[in-house]
Amino acid sequence: MMRLVYFSPVPWHSFAQRPHQFVQWFHQQFKARVLWVDPYPTRLPGVVDVKRVLAAKMAQKPRSCSTVKTQENPLKADWLSLVEVAALPIEPLPASGYLHQWMWRKTMAEIDSFVAGGRAQIVVGKPSKLALQAMARHPELPSLYDAMDDFPAFYEGISSKAMEFTERHLAGRVNKIVVSSSAVSRFSAHEDKLSLILNACDSDNLPPALPRSIQAPVYGYVGTIGHWFDWEAVVSLASSLSISDPQARVRLIGPVFTPPPCALPDNVQILPACSHAEAMRAMQKFSVGLIPFKRKLLTASVDPIKYYEYRSLGIPVLSSNFGEMSLRAEEEGVFLYDECRDFSSLLKTCLLHRSSAESLAQFRVNNSWQARFAGLVPLFDAGIDQRGRRRSTAKLEHFSWQGA
C-alpha cells in the first residue's frame, strides 16, 4: 500500500483548503494512507501573530449570528494519522534545527514507523527544517514540494531570509516542484522539476448558483483582510457607487488584521469571519465578487481560490490586476481594474454580466480539485522510482505546466 507523509502549511482542524483536498485526492487515487504533519511556528512571533491568536479565540466564542473563523474539517478519515509537532518559535535562528532535534524525536519516530509500512512518498506544503530533516533521514523516498505560496514574501527581516534559505534548500532537495501560479522566477534554477497545478474549488460541495438581481446590488468579498488588501481601491469603489447607485452596498466578510487607513463610506459593511459553509451562502447573495489585492511581491504568485468560488456560483469577478488574475483579462465573467481605479464604467458592466447554466457547469467540471490534481498522477504513479530518481524524463515532459 502506498503511503504519504504530508508536511502541511495549515492545521488539519481548519476548513478544507488545497492541502486537505490534495490528501483526500491522493488517498482516493492510490488507496493510500496519509500521515499529516501539522505546521509549527516557522518565524519569530510578532504583533500580527498575537492578533491572529486573539481572533481565533474570539471566533470560538458563541455569537448570535453563529459565525466562527474556522470549522472542524469535515473530512472523516480512518486512513489519516495526525501528528502535532512540539516546537519553539525560534526557527529563523541558525541553530534552531539542532535545538529542536530532541523535541522532534517522537515525531521522527512516528514518521519512521509510518514509512516502514509500505511504499512511501513525501510531500511538503510549507518549507521547514523538520521536513528537511525527515528527507535527510529517508533519502530513498521520492519527494515533492507543493509551492502554493511565496512563503518568504509573508515574512520580514531575518524570518524572510531564513525562510528563503530553507525554501531554496528544499527546492534543491526534492525530486519535483509543483507551483500554484505562473510566477516561478524564484525556481528558475530548477526548471526541469517544475509543474503548474493551479488552484481550484470543491465543485461537488458548492451550493447552486442563484439568480442575481440588480436591485440593491451587493459587491462582496469573503476572506482575510491583511496588509495585501487594497483599502484605497475599496474606498474608491464605494465612493463611486454612492454616486451612481446609492442603494448598492460593499460587503466585506472576514477577519480584519489590517484596519482601513481612513473612515469608510457609509455603504461599506464589515461583517465578522464565518465558517466556509456560511461564506458560501453569503456569496450566493453577491451581485459582484471582489478581489481587491495590492500588486506586490506577496500577491505576484497568488492564484485566489475565491475566484473559482465566485465564478462557480455565477458571480462576475471584479479584481485588481495581480498575480494569476492578471492572466484572466479575456476570461468570461472577469473584469480587471488597474491603478487608475476608474470604476464608473466597470461597475455597470460587471453588474449586467450573466453566465449561462451550461458555461457554469463546464467551469465547475474544469476547475474541480479532482480535475486539477489529475495532472499529478504520472508523477506518483510512474514518474519517480523508489530511490527518488526519475524513471523516464521523457514521460514527465508532456504534463509539465498542465492544470491551466
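## Strands, helices and rings in a predicted model

The model is predicted: local features need pLDDT of at least 70 and side-chain atom pairs pLDDT 80 or more, while totals for chains, interfaces and linings use all residues. Residues are numbered from 1 along each chain as its sequence is written, and side-chain values use heavy atoms, with hydrogens and water left out.

The protein chain has 14 helices and 13 strands. Both are DSSP runs numbered from the N terminus, with at least four residues (H or I) for a helix and at least two (E) for a strand. Of the 404 residues in the protein chain, 54% count as buried. Buried means under 20% relative accessible area, exposed means over 50%, and partly exposed lies in between (1.4 Å probe, protein chains only).

**Around strand β6**

Strand β6 covers residues 176-179. Strands β6 and β7 (residues 194-196) run parallel and are joined by 3 bridges; two strands pair if DSSP finds at least two bridges between them. Strand β5 (residues 143-147) also pairs with β6 in the parallel sense, over 4 bridges, and here Ala147 is opposite Val179. In a regular strand the side chains alternate between the two faces of the sheet. In β6, Lys176 and Val178 lie on one side, Ile177 and Val179 on the other, and all of them are buried.

The loop between β5 and α6 holds Asp150. Asp150 counts as buried because its relative accessibility is 9%. Apart from neighbours within four places in sequence, Asp150 is in contact with Arg186, Leu297, Leu298 and Ser301, where contact means heavy atoms within 4.5 Å.

**The six-stranded sheet**

An open sheet is formed by 6 strands in the order β10-β9-β8-β11-β12-β13, with parallel pairing. Its edge strands, β10 (268-271) and β13 (334-337), each pair on one side only. Inside the sheet, strands β11 (residues 288-291) and β12 (residues 317-320) run parallel with 3 bridges, and Gly289 has Val317 in β12 as its bridge partner.

Helix α7 (residues 231-244) packs on this sheet, touching β8 (218-222), β9 (249-253), β10, β11, β12 and β13, and its direction makes about 150 degrees with that of β9. Helix α9 (residues 305-312) also packs on the sheet; α9 touches β8, β11, β12 and β13, and makes about 175 degrees with the direction of β11. Such angles run from 0 to 180 degrees between N-to-C directions, and the axes are lines fitted to C-alpha atoms, for helices over the stretch in contact.

**Aromatic rings**

Rings of Phe, Tyr and Trp (its six-membered ring) pair if their centres lie within 6.5 Å; planes under 30 degrees apart count as stacked, over 60 as edge-to-face and the rest as tilted. The count by this rule is 26 aromatic pairs. Two of the pairs are tabulated here.

| Pair | Centre distance | Plane angle | Type |
|---|---|---|---|
| Tyr221 and Phe229 | 5.1 Å | 65 degrees | edge-to-face |
| Phe229 and Trp231 | 5.0 Å | 70 degrees | edge-to-face |

Tyr221 and Phe229 are both buried, and Phe229 and Trp231 are both buried. One aromatic cluster is formed by Tyr6, Trp12, Phe22, Trp25, Phe26, Phe30, Trp36, Trp369, Phe373 and Phe380.
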